[in-house]
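Please keep the sequence and the structure in view while reading.

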Amino acid sequence: MAKYVAAIDQGTTSTRCMVFTHEGDVVSVDQKEHEQIYPQPGWVEHDPIEIMERTRTVVSVALSKGGVEASDIAAVGITNQRETTVVWERATGKPVYNAIVWQDTRTDKIIDELSKDGGQDRFRPKVGLPLATYFSGPKIKWILDNVEGARAKAEAGDLLFGNIDTWLIWNLTGGPNGGVHVTDVTNASRTLMMNLETLDWDEEILSILGVPRSMLPEICPSAAVYGQVAEGPLKGIPVAGDLGDQQAALFGQACYDVGNAKNTYGTGCFMLMNTGTKAVQSKNGLLTTLGYKIGDQPAVYALEGSIAITGALVQWLRDNLGLIMKSPEVEDLAKTVEDNGGIYFVPAFSGLFAPYWRSDARGVIVGMTRYVNKGHIARATLEATAYQTREVLDAMNKDSGVALNSLKVDGGMVYNDLLMQFQADILGVPVIRPKVSETTALGAAYAAGLAVGFWEKVDDLRANWLEDKRWNPQMAEDKREHYFSQWKKAVTRTFDWVE
């Protein structure tokens with residue numbers, strides 16, 4: 001009798017495998033980082049082969065750490081960094097190029113060309129997304145246009161495309177020997193190529209982008225049995241859940257009712273709000289995306305505010321400036337000062353995402369004086385995450401007509417008390433951390449478990465959600481609004497940098 005569900009959480013900087021009980025508690029976990037490849041400014045790549053090897057390793061180690069046998073596992077779910085694009089040979093499984101990561105901006109000229117006819121919102125009515133370098137479709141076009149022989153192979157039906165979820169599932173279920181070529185609605189909704197109404201690839205957009213349909217995976221529900229693991233310690237176990245990382249966190253945070261929202265603090269920051277079975281088109285710079293789809297139940301949509309750089313800014317302080325040795329040290333450094341010393345750090349390293357969508361923006365620190373020290377820079381680094389979240393929340397309130405009364409949070413930065421308190425202060429609503437903060441992996445496990453009957457219904461999952469810590473706002477309204485207006489002013493200084 002199966003006692004657990006496993007989840008593979010393939011993120012931007014690392015891959016982990018987690019094993020969960022029926023109550024949603026963590027049995028074991030293993031995690032491994034992979035290389036970040038920067039061939040030139042604005043370009044970010046990963047090695048898909050390395051990611052697959054890391055995945056196999058963490059699965060093996062997580063099972064042995066927990067003393068877990070394959071027979072103990074009911075199913076495995078996948079969650080992944082979204083929009084990161086892999087194109088590979090159907091016959092050999094060999095990638096034709098490195099994976100192009102979601103943060104990569106090399107497709108800016110493709111985006112400019114596409115925008116000439118119909119502007120940035122050309123495809124938005126169909127796909128819920130603006131034209132931006134962020135999404136997978138233009139990345140596929142870049143690979144087909146720039147890798148020798150790729151377009152001819154694609155048109156002959158010899159190449160396959162996938163976001164990382166598709167790459168993992170295809171390899172886990174056999175690769176060139178019968179691997180299943182699928183994605184789910186949440187990942188497909190991040191490509192610029194899936195029609196929000198039909199939940200299928202849009203032929204008109206495919207022909208504009210020049211992407212052959214034969215490359216594309218079948219779009220499936222987020223909770224469904226796709227196939228079985230072909231080899232290794234999970235051999236024979238159903239692969240039964242697939243959600244993009246932010247939707248997986250929404251699912252793991254038990255945001256099953258209209259108006260429920262969560263914010264995940266990772267490399268970037270992503271706030272999602274459940275809008276029910278109707279797609280809400282944003283008028284305030286948010287994305288309309290799929291939240292999840294359970295089996296043959298109607299799809300659930302979400303509004304999303306995506307922020308490119310949050311946790312990555314702390315890594316930048318560590319790796320590029322050497323201000324800290326380890327990421328958690330940023331909190332201690334920030335606590336050496338009372339406030340930000342008048343500086344604001346807008347980390348538009350790869351342009352600005354929601355609600356601006358400005359690929360011409362670049363990062364700035366404004367308000368510098370001789371008074372400013374490294375403590376102020378650390379504090380401004382943390383505050384940048386909170387301000388960007390406030391901008392997204394304001395847009396979400398306007399679009400949805402629902403004023404959020406609290407925010408559920410998860411991800412690596414939620415153990416930073418200084419940041420979480422400032423977040424509550426600048427939003428003016430309580431910020432709540434759940435008992436299991438690894439909600440991304442948990443959401444993938446939940447989807448897989450639902451598909452095989454390990455959990456019967458979402459109400460079982462709701463019952464698992466427990467509060468761990470809450471931060472209530474303590475800042476005066478006038479101070480909050482002054483700080484925020486200064487931030488908005490700082491943001492304008494990033495515009496029009498790239499010509």
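Ile365 belongs to strand β20, which spans residues 364-366. The model under discussion is a predicted one. The points below begin with this residue and then turn to the sheet, the helices, the cysteines and the backbone.

- Leaving aside residues up to four places away in sequence, Ile365 touches Ile343, Tyr344 and Phe345.
- Between Ile365 and Pro347 there are 18 residues of sequence separation, and their C-alpha atoms are 8.3 Å apart in space.

**The six-stranded sheet**

- The strand order β3-β2-β1-β5-β14-β13 describes an open sheet of six strands with mixed pairing.
- At its edges stand β3 (26-33) and β13 (223-228), each of which pairs on one side only.
- On average, and with direction ignored, neighbouring strands of this sheet are turned by 25° against each other.
- Strand β2 (residues 14-20) and β3 run antiparallel and are joined by seven bridges.
- Two positions illustrate this pairing: Ser14 has Glu33 of β3 as its bridge partner, and Val19 stands opposite Ser28 in β3.

- Helix α1 (residues 48-66) lies across β1 (4-10), β2, β3 and β5 (73-80). The direction of α1 is at about 150° to β3.
- Helix α6 (residues 164-172) also packs on the sheet, where it touches β1, β5, β13 and β14 (238-244). The angle between the directions of α6 and β5 is about 145°.

**Helix α10 and its partners**

- Which residues of helix α10 (residues 311-321) are buried? They are Gly311, Ala312, Leu313, Val314 and Leu317.
- These buried residues pack against α11 (329-334), β19 (344-346) and α12 (374-400).
- An α-helix has 3.6 residues a turn, so residues three or four places apart point the same way.
- Directly after α10 comes Gly322, with a positive phi of about 65°.

**The pair α12 and α13**

- Helix α12 packs with helix α13 (residues 417-427) at an angle of about 40°, and the two axes are 9 Å apart.
- The crossing of these two helices, α12 and α13, is right-handed.
- On the α12 side, the contact is made by Arg379, Leu382, Glu383, Thr385, Ala386, Tyr387, Thr389, Arg390 and Leu393. On the α13 side, it is made by Leu418, Leu419, Phe422, Gln423, Ile426 and Leu427.
- Sorted by class, the contact of α12 with α13 has nine nonpolar, three polar and three charged residues.

**Cysteines**

- How many disulfides does a search of the whole structure find? The search finds zero disulfides.
- Cys17 counts as buried because its relative accessibility is 1%, and the limit for that class is under 20%.
- Cys220 is likewise buried, its relative accessible area being 10%.

**Backbone features to check**

- Most residues other than glycine have a negative phi, and most peptide bonds are trans.
- Ala254 is a residue other than glycine with a positive phi, near 60°. Ala254 is found in the loop between α9 (245-252) and β15 (261-265). At 6% relative accessibility, Ala254 is classed as buried.
- Asp496, which is not a glycine, has a positive phi of about 60°. Asp496 is found in the segment after α16 (477-492). Is Asp496 buried or exposed? Asp496 counts as exposed because its relative accessibility is 53%, and the exposed class begins over 50%.
- The peptide bond from Ala354 to Pro355 is cis, and its omega is near -5°. Pro355 has its place in the loop between β19 and β20.

Conventions
Residues numbered from 1 in each chain as written. Predicted model: local features only at pLDDT ≥ 70, side-chain atom pairs only at ≥ 80, totals over all residues. Heavy atoms only, no water. Pairing = 2+ DSSP bridges. Helix = DSSP H or I, 4+ residues; strand = E, 2+ residues; numbered from the N terminus. Axes fitted to C-alpha atoms, helices over the stretch in contact; angles between N-to-C directions. Contact = heavy atoms within 4.5 Å. Buried < 20%, exposed > 50% of the residue type's maximum accessible area, 1.4 Å probe, protein only. Left-handed = near helix turned anticlockwise from the far one by under 90°. Nonpolar A, V, L, I, M, F, W, Y, C, P; charged D, E, K, R; others polar. Disulfide = S-S within 2.5 Å.
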